[in-house]
Amino acid sequence: MSGAADIGDLYQRLIMERARAPLHAGRPERFDAEAEGDNPMCGDRVHLRLSCAAGAIGEVWHETRGCAICIASADLMADAVAGRPRAAAEEMAGAFEAMVASGAVPDRAEFSALRALSGVHEYRSRHRCATLPWQALRAALTKTMETGHGG
Amino acid sequence: MSAAIEQPGFDIARIRADFPILSQSVHGRKLVFLDSGASAQKPRAVIHAMVRSMETRYANVHRGLHWLSERASDDYEAARDKVASFLNAAREEIVFVRNATEGINLVAATFGRSALRPGDAVVVSEMEHHANLVPWQMLRESHGIELRIVKITDSGELDFADLERQFADGRVRLLAITHMSNVLGTYTPVERLAAFAHERGARLLLDGAQAVVHRAVDVRAIDADFYVFSGHKLYGPSGIGVLFGKRELLDAMPPFLGGGDMIRSVSYEKSTWAEPPYRFEAGTPAIVEAVGLAAAIDYVNAIGFPAIAAHERALTDHALATLDAIGGVNVVGRAQDRGGVVAFTMDGVHAHDVATLLDKQGIAVRAGHHCAEPLTRRLGLDSTARATFGVYTTMEEIDALAAGLRRVQQVFGG
Ligand SMILES: Cc1ncc(COP(=O)(O)O)c(C=O)c1O
């Protein structure tokens, strides 16, 4: 019988670490925008809250109820978009979704950690688990526009 | 090990050889298919019957005056006879639909709107598939019925004390309930439910989507008013299902869909309806699929329900004992009378991750809320993984599941 490693290639160490002990989980006392993403197919749910200033994202917090892929994706996203201008974050959302759809990793520095999730490409039924946090991010950013936060 | 308690006369190797798909590999591993509860695999007898129908006996039914149409009509109506004797019903009481879901929707839309009045109540249980919940919610919106939910106990059985309470005001006209839960594996005591409902002036609809695969069903002995099931879970094709309705009930029901085949006469002023079951079969039906369903019924009858039930009981006992022996794996549902549907959680690992990691080992299970979201919530869970068994499931496959789960725990550092 072969070891656990060959069946667990999707579950790289970074994903497991963030799923077990996310760095950005929780609910801040103050925030500027929030949004929820859910997948009615399976019940995964991501609640995002973020601070913004001068057209850029400050910090991102998430409360995620879901699988390891979904939690890790939310947490790595929070790392990746912190401090970025709104438009840049939206562009990254598109690039992330394209990576999951194609399996090809964008050749750019912001994806050095996010690339851990490119393996999800092989598991079509799990794509939504990885992209759900990004969908919630888009929704939250749209709200910052409406409420005038983020300038 | 426990394979030794296989039933005499139940030749599992021969049965498995009847299902071409089972010899496949998935991700380079031998396929272990434990998702028959979602849809079962098809034996060669079903596949061949459908091919033969299309190759030699196919035309539209009830319409042509030619030889082929007569053959196709004969086969389609022979399938109805087959289903009628399978359920111990009369042929006029068997309506072909697409699946169990459509059968329940048909009853809600026709019986629901003609026999139920605004203010009448329909009772369903906490362990229903969405197919036996949402149509009644829709009827509540459109027709003003009241929908009541009867509780289940923590072991996953129907709570009869609560059932008494739900019926107490005498307004319940229909009890619509599953015959076997697709999450908990619980069989409901259907004869008792029929007597209970009838004593209180209510009708009984049973969702037999799961039960019909595992047990012989006699709608007369049960005294069910309506019974629905899907062909695809019974080793037959998708696209065909069955609604049984007692004759006097079907007679009084208006049509479901309008169109060809369901009318007696049509003029611009008025059309009159055909007799049941044709009144409820508008348009060209699933002809080849009906032939496939008849072949599937022949297939399970040839094995015999006593043998099927004994096989699945042995599998279920083995599965419960095996999964209980793995620390951190928790089976949900502990009903006394339960069958080959075993849902479980794993401590610290989401059901999706369990399913993906099992899939990598060639083991197919389902994960999620299994179209029973309120039940999953009632259990205090977001999702479960679920293994379901069929005639072709082996003891070794259960052992493979257990070994697979231990490896999932390894990946997650357990
Ligand atoms: C108990 C139960 N009821 C109803 C259904 C619906 O069956 P179908 O999707 O074939 O209509 C299912 C299957 O998913 C089921 O398990």
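Biologist: How much area do chain B and chain A bury between them?

Modeller: Keep in mind that this is a predicted model. Carbon and sulfur atoms hold 58% of the buried area. On chain B's part, His352(B), Lys360(B) and Arg407(B) supply 30% of what that chain buries against chain A, more than any other three residues. The total for chain B and chain A comes to about 1700 Å².

Biologist: Which residue of chain B forms a salt bridge with Arg65(A)?

Modeller: There are 3 salt bridges between chain B and chain A. In the one with Arg65(A), the closest N and O atoms sit 3.4 Å apart, and a salt bridge needs them within 4 Å. The partner is Asp382(B).

Biologist: Which helix gives the largest share of the side of chain B that touches chain A?

Modeller: Two helices of chain B, H13 (351-359) and H15 (395-411), each supply at least two residues of that side. The residues there divide into 3 nonpolar, 8 polar and 5 charged. The largest share is 4 residues, and they come from H13(B).

Biologist: On to the ligand! How much of its accessible area does the protein cover?

Modeller: Thr101(B), Asp207(B), Ser230(B), His232(B) and Lys233(B) come nearest among the 14 residues around the ligand. A polar side-chain atom of Asp207(B) lies 2.5 Å from a ligand nitrogen, while one of Lys233(B) is 2.7 Å from a ligand oxygen. Of the 390 Å² that the ligand has on its own, the protein covers 89%.

Notes:
Residues are numbered from 1 along each chain as its sequence is written. Chains are lettered from A and ligands numbered from 1 in the order in which they are written. This is a predicted model: local features need pLDDT of at least 70, side-chain atom pairs count only at pLDDT 80 or more; totals for chains, interfaces and linings use all residues. Side-chain values use heavy atoms; hydrogens and water are left out. A residue is near a molecule or strand if one of its heavy atoms lies within 4 Å of it. A polar contact is a pair of N or O atoms within 3.5 Å; within protein, one must be able to donate a hydrogen and the other to accept it, and residues adjacent in sequence count only if both atoms are side-chain atoms. Accessible areas come from the Shrake-Rupley method with a 1.4 Å probe; for residues, only the protein chains shown count as cover. Buried area is the accessible area (1.4 Å probe) that two parts lose on being put together, summed over both. A salt bridge is a side-chain nitrogen of Lys or Arg within 4 Å of a carboxyl oxygen of Asp or Glu. Ala, Val, Leu, Ile, Met, Phe, Trp, Tyr, Cys and Pro count as nonpolar, Asp, Glu, Lys and Arg as charged, and the others, Gly among them, as polar.
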